[in-house]
Amino acid sequence: MSQNLIYLDNNATTKVDEKVVEAMLPYFSEEYGNPSSIYDLAHTANTAVRHSRETMKEFLGAKDAKEIIFTSCGSESANTAIKGVLELNRAKKHIITTKIEHPCVLNLYKDLENKSYRADYIGVDSNGDLDVQELLSKVDKDTALVSVMYANNETGAIFPVKEIAQKVKEINPETKVYVDAVQAAGKIPINVKETEIDFLGISAHKFHGPKGIGALYVKSGTMMAPLIIGGHQERGKRAGTENVPYIVGMAEAAKLAMEHLSDELTEVKRLRDMLEEGILSKIKNARLNSTAKNRVPNTTNIGFLYIEGELILLHLNDAGICASSGSACTSGSLEPSHVLRAMGVPFTALHGSIRFSLSRYTTENEVIQVIQELPHIIEKLAKISPFQKELGEILNNKC
């Protein structure tokens, strides 16, 4: 890998912090015991898992460490919560989510519709802000579940999940609320004990932890059927031998994220704004796709009118710059982003939209380099665009 690589795709995955790797290593080769066994080697592993659960409790602002269930990723957390709720409430066939959820929720909902569930998909405005009143109007006595993401992975828009959960419960106290917080964890404070949220899922590799480990918050007293059936692990809510090294790694990443949270909210945001303003000022056919009032501090999504996004990404890659056109889970698709479509982003920008997502490792010099390099790429691609007339009007008229 080039030492000059500029990585601005942190919503896809993040660099694992060196301290996280150090914390994990002993549990691969020295402290390799099974936490469920009774000898001293196992006790060490069991203690590590217990301490990690306490750290995750603090990270998510839960009341009790027993509310934390370890999973393999955000997708498993979503499936565990959603299927776990519906399995115990088979008589209720109504479910609600938004049009801009991650595929792990949207595709699950589509599958549930094939199994006799009635699903409502709530829209967003041109900034990606959720129509909360529309969501609340759909809640009825048959609503088993509402699933709403905390922050959108493509635009960074933050949803008012605390308000939504509270008002949903006022309408139907039996309705459960699942929050996908994968893109919020480590970027903004989370405090579930101050909310009516029943379930909340995260994934470690989004906040400088390892891939293959996640967590699911399950509010005390909330019943759910396990997705994975087997042994007694995770108090019967998720069978399978605990992945001790990765659990330890996620907890260390969470601890570091809490230590760096103020930097995330200030310095990372400053660099994001600098990147955003630099691109918009230097490239005449650039438009900001979301100016949502509340966004996570590391994310911006910019459309380049009449330019093909995949070509932009290829040229950025040649320049040693990593970005994306949307969710990593749909990067192989030629279809435009479902998020941007739901926002009504004009066709002229839809296929040319790029997501830049920063981290605490992003430097000001890297941002400056992108601001310098990107205008040359767009200028080069504009010359081969089939929309020469339209681009000419923009480039000649825009101040």
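The structure holds one cavity of 30 Å³ or more, where a cavity is a set of points on a 1 Å grid over the protein atoms alone at which a 1.4 Å probe fits but cannot get out. In the largest cavity there is about 90 Å³ of space, a volume being the space filled by probe spheres set on the points, which are joined across faces, edges and corners. Its lining consists of 14 residues, and Lys 187, Lys 206, Phe 207, His 208 and Glu 264 lie nearest its centre; lining residues have an atom within 4 Å of a point.

This is a predicted model, in which local features need pLDDT of at least 70 and side-chain atom pairs count only at pLDDT 80 or more, while totals for chains, interfaces and linings use all residues. Residues are numbered from 1 along each chain as its sequence is written, and side-chain values use heavy atoms, with hydrogens and water left out.

Helix H8 (residues 244–282) packs against helix H12 (residues 364–382) at an angle of about 15 degrees, with the axes 9 Å apart. H8 and H12 are therefore roughly parallel to each other, a term for angles under 35 degrees.

| Residue | Phi | Loop between |
|---|---|---|
| Tyr 306 | about 65 degrees | strand S10 (299–304) and helix H9 (309–318) |

Helices (H or I, at least four residues) and strands (E, at least two) are DSSP runs, numbered from the N terminus.

Note on methods. Axes fitted to C-alpha atoms, helices over the stretch in contact; angles between N-to-C directions. Parallel < 35°, antiparallel > 145°, perpendicular 65-115°, else oblique. 1 Å grid on protein atoms, 1.4 Å probe; cavity = no way out; pocket = protein on both sides within 12 Å on 5 of 7 lines; lining within 4 Å.
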